[in-house]
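This report describes selected packing features of a single structure. The sequence and the model are shown first.

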Amino acid sequence: MAKGEETRQFIIEKAAPIFNTKGIEATSMSDIMEATKLSKGSMYVHFENKEVLACAAVDHNIKLLTNRIQNALSKSKTAKGQLFAYIDLFSDALEPPVIGGCPILNFGTEADDTNPIVKEKVHKAICSGQVLLSGIIENGINKGEFKTDLKPTEFATVIFAMLEGGHLMSRMSGNNGRMEVVAKTLKNLIDQNSI
């Protein structure tokens, strides 16, 4: 990797948790300069403006989350085990898999009415998450792990929405109890639909 590309990646890696924690609007280039110890001139050599850097940080956070999901899923050979691993990855909202919380929830909440570029990135991440979960469920049906009347797309939507909602509720209260209820409920639903 060339020196310029290394510096660019370094800036993204330092900026990503700041944007995910503080939000795009509340994060200043001064925050990024402080974290990177780079000058304003150095920052603008690599990023035209804060919005360009924010988009790169959103991509980085979503990729980091995706990699952690894939790593968690790779440890299980069964569809049920993969669904449980997915739930477990998100089961502690106070210690999330990405610093600052779920980037899909964080950036989605902020960008839904204000930033169409970030909104589209989050929308694609949501769709990818639902496709992933639906594929696991469909695979489980095909392998005889789950009941044949289980609807993969609908069940994937329920899993995704309940985890995001539990994450929000637990982060707002500073107590993981609601996420624990969500995780337990989802696992019970999976068990009820298992053969």
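## Helix packing and the nonpolar core

L83 is buried, at 2% relative accessible area (buried means under 20%, exposed over 50% and partly exposed in between, with a 1.4 Å probe and protein chains only). The model is predicted, so local features require pLDDT of at least 70 and side-chain atom pairs pLDDT 80 or more, whereas totals for chains, interfaces and linings use all residues. Residues are numbered from 1 along each chain as its sequence is written, and side-chain values use heavy atoms, with hydrogens and water left out.

L83 belongs to helix α5; helices (H or I, at least four residues) are DSSP runs numbered from the N terminus. Not counting residues up to four places away in sequence, L83 touches L133, I136, I137, F146, I159 and I190, where contact means heavy atoms within 4.5 Å. The C-alpha atoms of L83 and G140 are separated by 9.9 Å, and these residues are 57 apart along the chain.

Helix α5 (residues 79–90) packs against helix α7 (residues 116–142) at an angle of about 155°, with the axes 8 Å apart. Axes are lines fitted to C-alpha atoms over the stretch in contact, and angles run from 0 to 180 degrees between N-to-C directions. The two helices are therefore roughly antiparallel, a term for angles over 145 degrees. The contact is formed by A79, Q82, L83 and Y86 of α5 with L132, L133, I136, I137 and G140 of α7. Its residues divide into seven nonpolar, two polar and no charged; Ala, Val, Leu, Ile, Met, Phe, Trp, Tyr, Cys and Pro count as nonpolar, Asp, Glu, Lys and Arg as charged, and the others, Gly among them, as polar.

The largest nonpolar core has 53 residues, and F19, L53, I137 and L163 have the most contacts inside it. Such a core is a set of buried Ala, Val, Leu, Ile, Met, Phe, Trp, Tyr and Cys residues joined through side-chain atoms within 4.5 Å. Among the elements giving two or more residues to this core are α1, α5, α7 and α8. Its largest share, 10 residues, comes from α4. Leaving aside neighbours within four places in sequence, L53 is in contact with I11, I12, A15, F19, M29, I32, M43 and F47.

Relative accessibility is listed below for two residues.

| Residue | Location | Relative accessibility |
|---|---|---|
| L83 | α5 | 2% |
| K37 | loop between α2 and α3 | 69% |

K37 counts as exposed. Although K37 is not a glycine, its phi is positive, at about 65°.

Methods: Angles under 35 degrees count as roughly parallel, over 145 as roughly antiparallel, 65 to 115 as roughly perpendicular and the rest as oblique.
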